[in-house]
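Colleague: I would like to learn how to read a few features of a model. Can we take them one at a time?

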Amino acid sequence: MKADVNENAACYFVDRHLHEGREGKVAFREAGGKKRELTYGELADQTSVFAGALERAGVRREERVAMIVRDQLEFPIVFWGAIKAGALPVPLNTLLAEPIYEDILADCRASILVVSSEMWETVAPAVAGNRFLREVVIIGGAAEGAVSFDEFVADAPPREAVNACGDELAFWLYSSGSTGTPKGVRHVHSSLKATCDTFGSQVLGIQEDDIVFSVAKMFFAYGLGNALSFPMSVGATTVIFSGRPTPDAVFEIMADERPTIFCGVPTLYAALVNAQEAKGTAPDHAIRLCTSAGEALPREVGERWEKLWNAEIVDGVGSTEMLHIFLSNNPGDCIYGTSGLPVPGYEVRLVDEHDEDVAADEVGELLVRGPSSADGYWNRRHKSMSTFAGHWTRTGDKYERTPDGRFVYCGRADDMFKVSGIWLSPFEVEQALVDHPSVLEAAVVARKNDEGLEKPAAYIVLKPGADDSVVGEMKDFVKEKVGMWKYPRWIEVVDELPKTATGKIQRFKLRTAGSEGAL
């Protein structure tokens, strides 16, 4: 059915700014290198041209346009241009291996692939046998069997956004794969604005004069909201960075670009805090507020950050299925160690294995409903039916609710296990380990002892300068923190923990490593 008003998301996020006088306002600026800029007016023009180029290339409505694109100016051009054309952009993780790209490209059946030149060496073997791709477009280069981005859009007739209703599919994202194979998550046009009207407006409080810097990349849900939809909902400016967010690189961007909103993940916050404390100086920045998601933020990291930066971290929980954060702390009301309260516009429940609500202080699975829930998984009917239960979405996260209504993370549903007949939250033990002055990161999984009973096993990353001689004292340290029976029976020091691109620890890899006797 044709919409009376064009609800194509590109009309609101891109073209609206021309009518509201922001044609010359910088929408995106690249940090480092050439520091290219893209104004809202230029973005509107170039997305229309890209939409026209897709139409010229024979791309039909709802065909997939796969994107293996780094955080650079072409990302928003391709993303919004595809949506204008009525095609479905599918941003993919730029850190994957060739076999995974091959599987995802075959799964989504994209007819066009847009890829950054830096990624081509990895991606090229993945497209060799693909029978769905009709064209490969390379940003910043050219290769045999592919066309350069400049050539693809050259002389293309610009086209307006196709008429769409809010319930039509607009784009796909692939889940980060914290528990295994990524799944294609389908989202509709209205979902993007819904996250802006809820978390973006009512929690983040983003304003037109804000400058946003998200180290979380735009190819996944958290970064897409931080760097793309939230700033564009109010006409703010986004600083984008395609490189690896090392502490030195992030510090430089904070000092040079003066972002007012910083969006990170717990792993990076821990690294930044340790690096800044080692400097012994105050950080040079203009940040007024920070966000964190991907994994629960350890209480100690949040408190140390706020002391150094004098800026709160509103830690929250979101998912690819819900597009962004739906449970969060709030500015002026941050209780580190908790995930806060439901974001206005969302409802949550904690249920037991029978889908009955649990009492306060009891652990249950978190269910959520709200305006940004996905339309389902692609080619995963059984998984869609088990995850999307009517209006409610199962998150797979275990939480408990405190008497004052705050939610405390207890781990993934498949991470929980019983010790001595009592449920144990790996996250609680990890929090205790991270409280040790020598520990940078920790992950806890179940491992069977000689009697076949499950007990906690810990993998830790030590802070610079610490050595593994401290391991001997950690069992007693955890006992004193969280209880006698919860301490890890095994503690192994590792160089790094396996993580997804969103910063989530892949505990299933640690469980496999433990069963095989090596990481």
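Colleague: Is aspartate 210 buried or exposed?

Modeller: Aspartate 210 is buried, with a relative accessible area of 3%. Buried means under 20% relative accessible area, exposed over 50%, and partly exposed in between, with a 1.4 Å probe and protein chains only. This is a predicted model, in which local features need pLDDT of at least 70 and side-chain atom pairs count only at pLDDT 80 or more, while totals for chains, interfaces and linings use all residues. Residues are numbered from 1 along each chain as its sequence is written, and side-chain values use heavy atoms, with hydrogens and water left out.

Colleague: Which residue forms a salt bridge with aspartate 210?

Modeller: A salt bridge is a side-chain nitrogen of Lys or Arg within 4 Å of a carboxyl oxygen of Asp or Glu. Aspartate 210 forms one with arginine 288, and the closest N and O atoms are 2.8 Å apart. The pair links distant parts of the chain, 78 residues apart: aspartate 210 is in the loop between helix 7 (189–203) and strand 10 (211–214), and arginine 288 in the loop between helix 10 (266–279) and strand 13 (289–292). Helices (H or I, at least four residues) and strands (E, at least two) are DSSP runs, numbered from the N terminus. Arginine 288 is partly exposed, at a relative accessible area of 38%.

Colleague: How many salt bridges does the structure hold?

Modeller: The structure holds 34. One of them joins glutamate 118 to arginine 70, with the closest N and O atoms 3.8 Å apart. That pair also links distant parts of the chain, 48 residues apart: glutamate 118 sits in the loop between strand 5 (112–116) and helix 5 (120–127), and arginine 70 in the loop between strand 3 and helix 3. Arginine 70 is partly exposed, with a relative accessible area of 22%. Elsewhere, salt bridges link Arg16, Glu20, Arg22 and Glu208 in a network.

Colleague: Where are glutamate 300 and arginine 304 in relation to each other?

Modeller: The general idea comes from helix geometry. An α-helix has 3.6 residues a turn, so residues three or four places apart point the same way. Glutamate 300 and arginine 304 are four residues apart in helix 11 (residues 299–309), and are therefore separated by about one helical turn. They form a salt bridge, the closest N and O atoms being 3.2 Å apart. Glutamate 300 counts as buried at 16% relative accessibility, and arginine 304 is buried with a relative accessible area of 15%.

Colleague: At what angle do helix 9 and helix 10 pack?

Modeller: Axes are lines fitted to C-alpha atoms, for helices over the stretch in contact, and angles run from 0 to 180 degrees between N-to-C directions. Angles under 35 degrees count as roughly parallel, over 145 as roughly antiparallel, 65 to 115 as roughly perpendicular and the rest as oblique. Helix 9 (residues 247–257) and helix 10 pack at about 80°, with their axes 10 Å apart. The two helices are therefore roughly perpendicular to each other. The contact is made by Pro247, Val250, Phe251 and Met254 of helix 9 with Leu268, Ala271, Leu272, Ala275, Gln276 and Lys279 of helix 10.

Colleague: What is the phi of glutamate 62?

Modeller: Most residues other than glycine have a negative phi. Glutamate 62 has a phi near 75°, a positive value in a residue other than glycine. Its place is in the loop between helix 2 (40–56) and strand 3. Aspartate 355 also has a positive phi, of about 65°, although it is not a glycine. Aspartate 355 is found in the loop between strand 17 (347–351) and strand 18 (363–369).

Key:
Contact = heavy atoms within 4.5 Å.
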